[in-house]
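Student: Hi, could you walk me through this one? I'd like to go piece by piece.

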Amino acid sequence: MTDTSADLVILGGGSGGYAAAFRAAELGLSVTLIEKDKLGGTCLHRGCIPTKALLHAAEVADETREAEAVGVKAAFEGIDIAGVNKYKDGIVARLYKGLQGLAKAHKVNLVEGSGTFVGGTTVEVDGTRYTGKNVILATGSYSRTLPGLELGGRIIASEQALALDYVPKKVVVLGGGVIGVEFASVWASFGVDVTIVEALPRLVPNEDEFASKQLERAFRRRKIAFKTGVKFTGAKQDDNGVSVSLESGETIDADLLLVAVGRGPNSAGHGYEEAGVKIERGFVLTDDRLRTNLPNVYAVGDIVPGLQLAHRGFQQGIFVAEEIAGLNPRVIDESGIPRVTYSHPEVASVGLTESQAKDKYGSDVTTFTYDLGGNGKSQILKTSGGVKLVKAPDGPVVGVHMVGDRVGELIGEAQLIYSWEAFPEDVAPLIHAHPTQTEALGEAFLALAGKPLHVHS
Ligand SMILES: Cc1cc2nc3c(=O)[nH]c(=O)nc-3n(C[C@H](O)[C@H](O)[C@H](O)COP(=O)(O)OP(=O)(O)OC[C@H]3O[C@@H](n4cnc5c(N)ncnc54)[C@H](O)[C@@H]3O)c2cc1C
């Protein structure tokens with residue numbers, strides 16, 4: 001058994017792991033990054049990037065169908081799924097190549113294989129031990145299912161949904177969170193008859209109620225069926241289809257059942273528990289500096305409780321690399337992490353929902369909602385929705401919630417406003433280019449500062 005040492009050993013080469021590797025290398029540390037599959041992890045190969053490529057193809061399909069409404073002659077003839085997949089896979093392949101080049105340029109020692117954390121600061125891969133001065137656990141997450149609901153055949157998770165080589169006729173989507181809503185949106189644009197089943201009372205239940213209402217209204221218009229506040233009780237499949245039963249006694253027949261009920265932490269089978277890493281409900285517990293209970297052992301990404309988002313993983317990876325290098329980075333504010341659901345329309349938010357703000361600051365929280373009906377660019381794009389601001393009593397804006405096509409692109413500004421703890425009066429004098437959708441944010445701040453411009457009273 002050989003022993004190879006480095007300043008930093010990282011187990012898992014997804015968003016969290018590779019970000020830590022690159023930043024640590026930039027800071028002059030020697031890095032060993034262990035990955036059993038492909039550098040880039042879930043986000044690049046089975047998550048963010050391929051789903052957004054599908055959503056873009058879906059957008060093109062919708063635009064083609066609706067071309068006549070803007071005086072353009074075009075005929076929508078259908079979806080060539082092989083062509084869609086080629087486009088999607090091409091993007092992933094290009095980004096993967098770029099990422100491999102970056103790993104090389106950073107002189108990261110990339111070890112291919114399945115690693116086991118054996119305690120101390122050592123990870124073992126196929127009999128070789130890699131010992132770091134520090135170790136980062138970054139093994140990510142997997143698609144969860146419900147008790148008694150086995151994935152297989154016509155019952156699929158997002159991984160299989162991304163790899164479909166046909167367009168189904170009818171799909172039931174179990175789960176009205178981000179992943180379920182995004183796939184429902186894609187399939188509806190591809191002409192699929194979609195029904196979402198969500199046990200909680202509303203779609204995107206982690207978002208502000210305003211966002212759920214707006215999204216539900218848009219989905220109704222798009223004829224995407226959804227049943228909220230209804231529990232799933234079982235599913236049976238045969239050669240012809242899958243039959244999904246609900247607590248209400250209803251059954252829905254479909255070609256496929258997509259299970260999108262969340263992602264579980266991938267923390268079992270890698271030696272964590274055996275080595276004494278503190279784990280709760282499968283998640284690796286850390287303090288706010290991402291230290292586990294074991295000395296010099298950190299954890300980042302989806303295995304750490306909190307938002308399971310790629311950019312959170314990136315930031316956590318950068319944070320730990322800087323922490324190890326002694327730069328004393330600022331603790332990450334989880335509420336300041338932007339959240340985007342890339343459906344048609346999009347939902348984007350940062351900070352607290354109105355109800356979270358009321359729990360924190362009391363009932364004197366103020367809100368203002370600007371309707372995209374007053375925003376020229378949104379009218380040009382034929383999208384509807386709005387921007388809702390949540391303001392602490394005598395305090396800054398603590399939440400921004402937006403619904404509408406392309407509002408995900410506005411979240412950068414919203415995030416800066418939230419993170420600098422801006423008052424409406426700070427933002428109101430800043431000029432937003434006309435006609436852009438950023439004006440909707442500007443108008444909301446003008447109104448909240450007491451000087452509304454394009455607002456009907
Ligand atoms: C369908 C879908 C869509 C998504 N869309 C978005 C989005 O639009 N925006 C966004 O921010 N987030 C999105 N996410 C979430 C995002 O993909 C995750 O938050 C992110 O990938 C988490 O990064 P991570 O590094 O923690 O884990 P992962 O990316 O899962 O990486 C973990 C890596 O560790 C490796 N590994 C595991 N065990 C071992 C072992 N024992 N030895 C060696 N290697 C191991 C795995 O092979 C994997 O490559 C999406 C997820 C899904 C499923």
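Student: How many residues sit between β23 and β24 in their hairpin?
Tutor: Five residues lie between β23 and β24, and D394 in that turn has a positive phi of about 50°. Strands here are DSSP runs (E, at least two residues) and helices are runs of H or I with at least four residues, numbered from the N terminus. Before we go on, this is a predicted model: local features need pLDDT of at least 70, side-chain atom pairs count only at pLDDT 80 or more, and totals for chains, interfaces and linings use all residues. Residues are numbered from 1 along each chain as its sequence is written.

Student: Okay, how many bridges join β23 to β24?
Tutor: Six bridges join β23 (residues 386-391) to β24 (residues 397-404), and the two run antiparallel. In that pairing, K391 stands opposite V397 of β24. Strands count as paired if DSSP finds at least two bridges between them.

Student: And what about β22 and β23, in which sense do they pair?
Tutor: β22 and β23 pair in the antiparallel sense, over six bridges. There, D371 has G386 in β23 as its bridge partner.

Student: What is the strand order in the sheet?
Tutor: The order is β20-β21-β24-β23-β22, an open sheet of five strands with antiparallel pairing. β20 (339-341) and β22 (366-371) are the edge strands, each pairing on one side only. The twist averages 10° from one strand to the next, with angles running from 0 to 180 degrees between N-to-C directions and axes being lines fitted to C-alpha atoms, for helices over the stretch in contact.

Student: Which helix packs on the sheet?
Tutor: Helix α7 (residues 209-221) does, touching β21 (346-351), β22, β23 and β24, and its direction makes about 5° with that of β24. Contact means that C-beta atoms, placed from the backbone, lie within 7 Å.

Student: Back to β23: which of its residues are buried on each face?
Tutor: On one side G386, K388 and V390 are buried, and on the other V387, L389 and K391. A residue is buried if 20 or more other C-beta atoms lie within 10 Å of its own, exposed if 12 or fewer, and partly exposed in between, with C-beta atoms placed from the backbone.

Student: Why is α13 described as largely enclosed?
Tutor: Eleven of the eleven residues of α13 (residues 438-448) are buried, so the rest of the structure largely encloses this helix. Its buried residues pack against β22, α10 (376-380), β23, α11 (411-419) and α12 (424-427). After α13 comes G450, with a positive phi near 90°.

Student: Nice. Which residues have the most contacts inside the largest nonpolar core?
Tutor: They are V173, L174, L257, L258 and A444, in a core of 78 residues. The largest share, eight residues, comes from helix α6 (residues 178-189). Such a core is a set of buried Ala, Val, Leu, Ile, Met, Phe, Trp, Tyr and Cys residues joined through C-beta atoms within 7 Å.

Student: What does L257 contact, leaving aside neighbours within four places in sequence?
Tutor: L257 is in contact with R154, I155, V172, L174, A235, V242 and V244.

Definitions and conventions. Contact = placed C-beta atoms within 7 Å.
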